[in-house]
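Take a walk through this model, one feature at a time. Keep the sequence and the 3D view side by side.

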Amino acid sequence: MFGFGALIQIADQRKSSATAVIYKSLHSPADIIPLSNPVIPVAYTSVISLKALPVNEKKERFIALLLPAILISKAKLKEQKNQLNQMLAKSQLSATDQAWLNQKLSAYRVDSTTKLSQRMIELPNSLILAQAAIETGWGSSRFFIQALNIFGVWSFDPTEKRIMARQQREGKPVYLKRYDSLLGAIDDYQLTLGKGSAYRALRAATQQTQNSLQLLQHLGRYSELGDIYIQRLNTVIRQNNLRQYDDYQL
């Protein structure tokens with residue numbers, strides 16, 4: 001067992017989500033709550049490097065760190081899609097409903113409710129875990145540790161929370177977004193795949209399958225590595241048996 005530490009820290013009721021989220025900071029790998037199924041809905045607000053751990057332990061703790069946030073984010077997105085469907089069944093929207101709908105249309109960069117629904121996609125846990133593992137080096141990257149940035153998301157807005165990369169591009173500084181929790185990073189990732197034109201084929205494919213080994217074929221444009229990135233995702237999923245986590249739920 002990893003040790004529960006201060007488990008019941010905050011039950012988040014600030015948003016109208018059916019899931020009560022527990023926010024928790026980390027001081028050592030032992031603070032990571034071990035996985036169970038159902039999964040405890042915990043969103044970590046700080047992380048530590050897992051680099052020094054033995055490989056198998058590092059991967060086990062990394063998955064335990066990420067999977068709860070993945071499931072919470074997916075549950076939130078499902079609630080939003082249900083909310084959208086309920087609105088579409090109404091003969092007339094309230095001002096509150098219309099404001100919510102306008103915000104979602106803007107966030108997903110669409111002009112119709114049909115397109116909005118199509119962009120609120122569900123992704124298998126194994127695919128998200130594989131990308132997270134590659135992008136963070138299984139929880140050892142500086143961006144992950146200092147900014148809770150799981151997927152290497154850049155920042156172009158000087159008013160948002162961010163950190164500077166050590167490398168520059170074309171002589172200019174590069175910044176990456178800094179998140180308040182791993183849940184925030186997962187939420188942003190899901191929105192990116194939902195609105196990005198590069199992931200149109202991925203969104204269409206999710207309507208036919210939830211097999212991560214099939215869906216990853218549509219992620220070549222996620223990385224500059226292209227087909228090499230796809231091959232790496234395939235290898236990470238297969239070698240670490242990540243598809244076993246696709247059935248995990250809150």
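Tyr-199 is buried, with a relative accessible area of 8%. That value comes from a predicted model, as does everything below. Tyr-222 also counts as buried, because its relative accessibility of 17% falls under the 20% cut-off. Now look at the two rings together. Tyr-199 and Tyr-222 form an aromatic pair. Their centres are 6.1 Å apart, and 45 degrees separate the planes. The pair is tilted. Where do Tyr-199 and Tyr-222 lie? Tyr-199 sits in the loop between α6 (182-195) and α7 (200-206), and Tyr-222 in the loop between α8 (212-215) and α9 (227-239), so their contact ties together parts that are 23 residues apart in sequence.

How many aromatic pairs does a search of the whole structure find? The search finds seven. One of them joins Phe-62 and Trp-138, whose ring centres are 5.6 Å apart. The planes of Phe-62 and Trp-138 meet at 70 degrees, so this pair is edge-to-face. The angle is over 60 degrees, which is why that label applies. Phe-62 belongs to helix α1, while Trp-138 lies in the loop between α4 (125-136) and α5 (142-147), so the pair ties together parts 76 residues apart in sequence. Both Phe-62 and Trp-138 are buried. Phe-144 joins them: ring pairs link Phe-62, Trp-138 and Phe-144 into a cluster.

Stay with helix α1, which spans residues 55-88. The pocket has a volume of about 400 Å³. What is the make-up of the lining of the second largest pocket? Seven of its residues are nonpolar, five are polar and four are charged.

Next, turn to the strands. Strand β4 covers residues 162-169, and strand β5 covers residues 172-177. They pair in the antiparallel sense, over five bridges. Together β4 and β5 form a hairpin, with two residues between them. Glu-170 is in the turn and has a positive phi of about 55 degrees. Arg-162 stands opposite Lys-177 in β5. Arg-162 also lies over the face of Tyr-175, at 3.7 Å from the ring centre.

Notes. Residues are numbered from 1 along each chain as its sequence is written. This is a predicted model: local features need pLDDT of at least 70, side-chain atom pairs count only at pLDDT 80 or more; totals for chains, interfaces and linings use all residues. Side-chain values use heavy atoms; hydrogens and water are left out. Two strands pair if DSSP finds at least two bridges between them. Helices (H or I, at least four residues) and strands (E, at least two) are DSSP runs, numbered from the N terminus. On a 1 Å grid over the protein atoms alone, a cavity is a set of points where a 1.4 Å probe fits but cannot get out, and a pocket is an open set with protein on both sides within 12 Å along at least five of seven lines; lining residues have an atom within 4 Å of a point. Grid points are joined across faces, edges and corners, and a volume is the space filled by probe spheres set on the points. Ala, Val, Leu, Ile, Met, Phe, Trp, Tyr, Cys and Pro count as nonpolar, Asp, Glu, Lys and Arg as charged, and the others, Gly among them, as polar. Rings of Phe, Tyr and Trp (its six-membered ring) pair if their centres lie within 6.5 Å; planes under 30 degrees apart count as stacked, over 60 as edge-to-face and the rest as tilted. Buried means under 20% relative accessible area, exposed over 50%, partly exposed in between (1.4 Å probe, protein chains only). A charge sits over a ring if NZ of Lys or CZ of Arg is within 6 Å of the ring centre and within 35 degrees of the ring normal.
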